[in-house]
Every structure is written in C-alpha cells, then in structure tokens.
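Here is a short briefing on one protein model. Look over the sequence and the coordinates, then read on.

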Amino acid sequence: MNREWYAVYTTVRHEKKVNDALSEKNVETFLPLREVLSQWRDRRKRIKVPLFPGYLFINIALEDRLRVLSTKGALRIVGSGGVPVPVSLDQIEAIKRVVEGKVEYDCYPYLTQGREVVVINGPLEGVRGRILERRGNYRLIISVDTIKRSVSVEVDPRDIELV
C-alpha cells in the first residue's frame, strides 16, 4: 500500500483531540504547533496552539481513510472534487524542520508570488520557499498548497540562494 501525507480538516479547537485519537488508532500524524502567550484575567501563560488552525496532517494509504473519517472531530480529508489530494512530502518535511528547529516562526498569509530560494546554511539547510524582503529583513515563506496556508521564518540573506 502506498502511503502519502494528507491534510485533515478538523472541528476548530479540536486538533489536539483528533490528533490523539488518530494516534491511538495507529495513524501516523503531524500536528505542527506554535507557542503563544495567552492572557487570562488573573494570569498569563505560554500555551501551544496549532500552527494551522483547523488542520493536521496524516500519513496513510488512501484505503485507510475511513479509519480517519470515523474519528470524532475529523471532518474531511482535504481534496478537490471529493477526491483527497496528497500534500507534497517536501512541504511536510519543510514544516517539520521549521517546527523542530531552533528558529522563530509564525503563521503567514498564503503566498504564491516571490522569488524561490533554497536555504544553504543553518538549521533549515535544504528547505525551499519564497523570499520576502521588508526594510532589510528577509523572511522565508514556506507554503502548504493543499490548505492554502504558509509559515514565515526570518533568515539571513547570506544563508539563501536563488533557485
């Protein structure tokens, strides 16, 4: 069976519960998280929230999709015309490298314009994305085409090369 990565659209704010339930069913999952400072009336606390609210990624053979869709909170596998569309392995690996690396990252609007670059130095070496320059700061934008979401990372212009 050929396994590929797919995005699962979940009930909002249930991504972690769906992720845990799928893990219990022995489904390989990837839920990228980011740390934010949350403010309550009486205190502030750092919490982990999904990088892409409403989505998580699964690595399955398409024949196993019923195991996923029968999970409470998993609404659908993202696709086109009712057919699930795989997420590029390069995009999954790039997001994993960003989340696992010791780099600052944040959500960014989906981006398809810009010059394509590859990182040639540092913890993100080999990662491809688009470069954005604003007031002397360079940001690497890594997009997940299937869900039309992106993540941005600040990079040194000496660590990138045009593709």
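Which residue in β4 stands opposite Leu37? Arg46 holds that place. The model is predicted, so local features need pLDDT of at least 70 and side-chain atom pairs count only at pLDDT 80 or more, while totals for chains, interfaces and linings use all residues. Numbering starts from 1 along each chain as its sequence is written, and side-chain values use heavy atoms, with hydrogens and water left out.

- Strands β3 (residues 33-39) and β4 (residues 44-50) run antiparallel and are joined by seven bridges.
- Helices (H or I, at least four residues) and strands (E, at least two) are DSSP runs, numbered from the N terminus.
- Two strands pair if DSSP finds at least two bridges between them.
- Four residues lie between β3 and β4, and the two strands form a hairpin.
- Pro50 belongs to strand β4.
- Pro50 counts as buried because its relative accessibility is 13%; buried means under 20% relative accessible area, exposed over 50%, and partly exposed in between (1.4 Å probe, protein chains only).
- Pro50 and Pro32 are 18 residues apart along the chain, yet their C-alpha atoms are separated by 6.0 Å.
- Leaving aside neighbours within four places in sequence, Pro50 is in contact (heavy atoms within 4.5 Å) with Glu15, Leu31, Pro32, Leu33 and Arg34.

**Helix α3**
- Helix α3 covers residues 89-100, twelve residues in total.
- From first C-alpha to last, α3 reaches 16 Å, close to the 16 Å expected at 1.5 Å a residue; the expected span is 1.5 Å times one less than the number of residues.
- A side-chain oxygen of Ser88 comes to within 3.2 Å of the backbone nitrogen of Asp90, at the start of α3.
- The buried residues in α3 are Gln91, Ile92, Ala94, Ile95, Lys96 and Val98.
- Those buried residues pack against β1 (3-10), β2 (28-30), β5 (55-61), β9 (105-108), β12 (137-144) and β13 (149-155).
- Val151 lies in strand β13 and counts as buried because its relative accessibility is 0%.
- Not counting residues up to four places away in sequence, Val151 touches Leu51, Ile95, Val98, Tyr105, Asp106, Tyr108, Leu140, Ile141 and Ile142.
- Val151 and Ile141 sit 5.8 Å apart, C-alpha to C-alpha, and ten residues apart in sequence.

**Largest pocket**
- The largest pocket holds about 370 Å³ of space.
- A pocket is an open set of points on a 1 Å grid over the protein atoms alone, where a 1.4 Å probe fits, with protein on both sides within 12 Å along at least five of seven lines; lining residues have an atom within 4 Å of a point.
- Its volume is the space filled by probe spheres set on the points, with grid points joined across faces, edges and corners.
- The lining has 19 residues, and Gln91, Arg128, Gly129, Ile142 and Ser143 lie nearest the centre.
- α3, β11 (128-134) and β12 each supply at least two lining residues.
- α3 gives the most, with five residues.
- Gln91, in helix α3, is buried because its relative accessible area is 14%.
- Beyond four places in sequence, Gln91 touches Ser143, Val144 and Asp145.

**Loop α2–β6**
- Thr71 is placed in the loop between α2 (65-69) and β6 (74-77).
- The side chain of Thr71 reaches the backbone oxygen of Arg67 at 3.1 Å.
- Thr71 counts as buried because its relative accessibility is 6%.

Key
Polar contact = N/O pair within 3.5 Å; in protein donor to acceptor, adjacent residues only side chain to side chain.
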